[in-house]
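Here is a short report on one protein model. Keep the picture open while you read.

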Amino acid sequence: MTARAPAKVNVHLGVGPLRADGFHELETVFLAVSLFDTVTVRRAEGLSLSVRGEGTGSSGGPASVPTDQRNLVWQAAELLARHAGVAADAHLTVDKSIPAAAGLAGGSADAAATLVALDALWGTRATRGDLAALAAVLGSDVPFSLLGGVALGTGRGERLTPVLARRRWDWVLGIAGEGLSTPTVYGELDAQRAAGTLPDGGLMAATGPVLAALHSGPASALAAALHNDLQAPALRLRPELDRAMRVATEAGARAALVSGSGPTVAALAEDEDGAVRLADELAGAGVFRTVRAVHGPVHGARLVG
Ligand code: C5P
């Protein structure tokens with residue numbers, strides 16, 4: 001059984017105050033984009049895992065993806081087995097195209113694909129609601145990786161309301177340098193807020209403009225409405241991202257923003273041709289390790305074989 005799940009870009013990421021449980025209250029708008037990881041599962045005794053592709057050392061990038069219980073797919077398998085009362089017997093193979101620790105929810109995509117693939121392999125017949133509840137236990141972004149499309153996320157990002165988007169959006173993702181740790185970026189935001197160098201999280205930016213722009217365009221409206229509270233702390237931790245974003249807009253992007261906690265730069269293109277041209281320019285600019293033209297919305301985790 002094979003399932004695949006998409007990367008995401010947060011076209012709006014409003015971060016509220018730090019909660020007692022260590023998470024921040026969010027208001028975010030997720031967009032699933034056409035960069036997919038796949039997870040293939042087969043019957044085996046006990047759990048085992050192999051990971052290939054981006055971030056595994058064989059790709060030229062850092063070997064940052066673990067192949068044991070630290071990997072979210074392992075945790076997803078154990079959680080589903082416990083929920084369904086079955087033995088966690090399977091070999092999992094993760095084929096990564098989504099770079100790790102890039103702000104694209106690659107690990108969350110892998111976990112969502114694992115839930116879908118193992119549900120089919122084990123015949124556990126979990127409902128989408130069951131899978132969404134398990135996904136929320138695994139991580140804040142995993143429910144969206146399961147759902148896909150466009151959605152408004154609240155709570156710590158796990159409470160989702162699907163949103164209608166009537167048109168396709170073309171982007172170029174530029175992955176710059178080493179991965180960034182999500183908790184480190186949130187921690188930097190808290191530090192800057194405490195120091196008064198960034199406004200506190202009491203008043204989050206409104207999601208209305210970005211939702212209206214996503215629904216009916218034009219690209220200039222979406223470009224004007226993009227917002228990410230994690231961008232300033234990501235730039236503080238990676239000053240070279242500032243130049244990367246400038247390079248993207250000078251190369252013809254409608255706008256550029258840091259994706260999630262970074263360090264990926266998401267550059268909005270006018271249309272598909274514009275994205276191909278922009279990807280060519282950015283690949284030649286020498287500031288990004290990997291450049292990918294993608295579009296969204298696309299579907300969430302689903303079986304492909
Ligand atoms: O939920 P997930 O495991 O992806 O979160 C990783 C880390 O990101 C959390 O441990 C926390 O430090 C930070 N986070 C946060 N607020 C959120 C989501 C994540 O502070 N809403």
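Into which domains is the protein chain divided? The chain splits into domain 1 (2–163) and domain 2 (169–296). These bounds come from an automatic or database domain assignment.

This is a predicted model, in which local features need pLDDT of at least 70, side-chain atom pairs count only at pLDDT 80 or more, and totals for chains, interfaces and linings use all residues. Residues are numbered from 1 along each chain as its sequence is written.

**How the domains meet**

Taken over C-alpha atoms, the centres of domain 1 and domain 2 are 22 Å apart. Across the boundary, 31 residues of domain 1 are in contact with 38 residues of domain 2. Contact here is a matter of C-beta atoms, placed from the backbone, lying within 7 Å. On the side of domain 1 that touches domain 2, β1 (2–18), β2 and β5 (150–154) each supply at least two residues. Strand β1 gives the most, with 10 residues. By class, this side of domain 1 has 21 nonpolar, 9 polar and 1 charged residues.

Two terms need a word. Helices (H or I, at least four residues) and strands (E, at least two) are DSSP runs, numbered from the N terminus. For the classes, Ala, Val, Leu, Ile, Met, Phe, Trp, Tyr, Cys and Pro count as nonpolar, Asp, Glu, Lys and Arg as charged, and the others, Gly among them, as polar.

**Around the ligand**

Which residues surround the ligand? They are G22, F23, H24, L26, G139, S140, D141, R156, G157, T182, P183 and Y186. A residue is near a molecule if its C-beta atom, placed from the backbone, lies within 6 Å of it. Both domains take part: domain 1 and domain 2 each give the shell at least three residues. Strand β2 (24–42) and helix α5 (182–194) each supply at least two. Helix α5 has the largest share, 3 residues. The shell counts 4 nonpolar, 6 polar and 2 charged residues.

K8 itself sits in strand β1.

**What the record says about domains**

UniProt positions are given in the numbering used here, feature names are shortened, and annotations may be inferred rather than shown by experiment. The unreviewed entry gives "domain: GHMP kinase N-terminal" for residues 71–149. For residues 71–149, the end C-alpha atoms lie 25 Å apart, with 59% helix and 9% strand in the span. For residues 211–283, the end C-alpha atoms lie 30 Å apart, with 59% helix and 14% strand.

**A sheet and a hairpin**

Now look for an open sheet of 4 strands. Its order is β9-β10-β7-β11, and the pairing is antiparallel. Two strands pair if DSSP finds at least two bridges between them. Strands β9 (255–258) and β11 (290–296) stand at the edges, each with a single partner strand, so one side of each is left without a neighbour in the sheet. From one strand to the next, the twist averages 25 degrees. Helix α10 (residues 272–285) packs on the sheet and touches β7, β10 and β11. The direction of α10 makes about 10 degrees with that of β7. Such axes are lines fitted to C-alpha atoms, for helices over the stretch in contact, and angles run from 0 to 180 degrees between N-to-C directions.

Elsewhere, β5 and β6 form a hairpin with 4 residues between them. In the turn, G155 has a positive phi of about 70 degrees.

| Pair | Bridges | A bridge partner pair |
|---|---|---|
| β7 (residues 169–175) and β10 (residues 265–268) | 4 bridges | W171 and L268 |
| β5 and β6 (residues 159–162) | 4 bridges | L152 and T161 |

**Backbone details**

Where are the cis peptide bonds? One joins G217 and P218, with omega about -5 degrees. P218 is in the loop between α6 (208–216) and α7 (219–225). Another runs from G296 to P297, with omega near 5 degrees. P297 lies in the loop between β11 and β12 (302–303).

Methods:
Contact = placed C-beta atoms within 7 Å.
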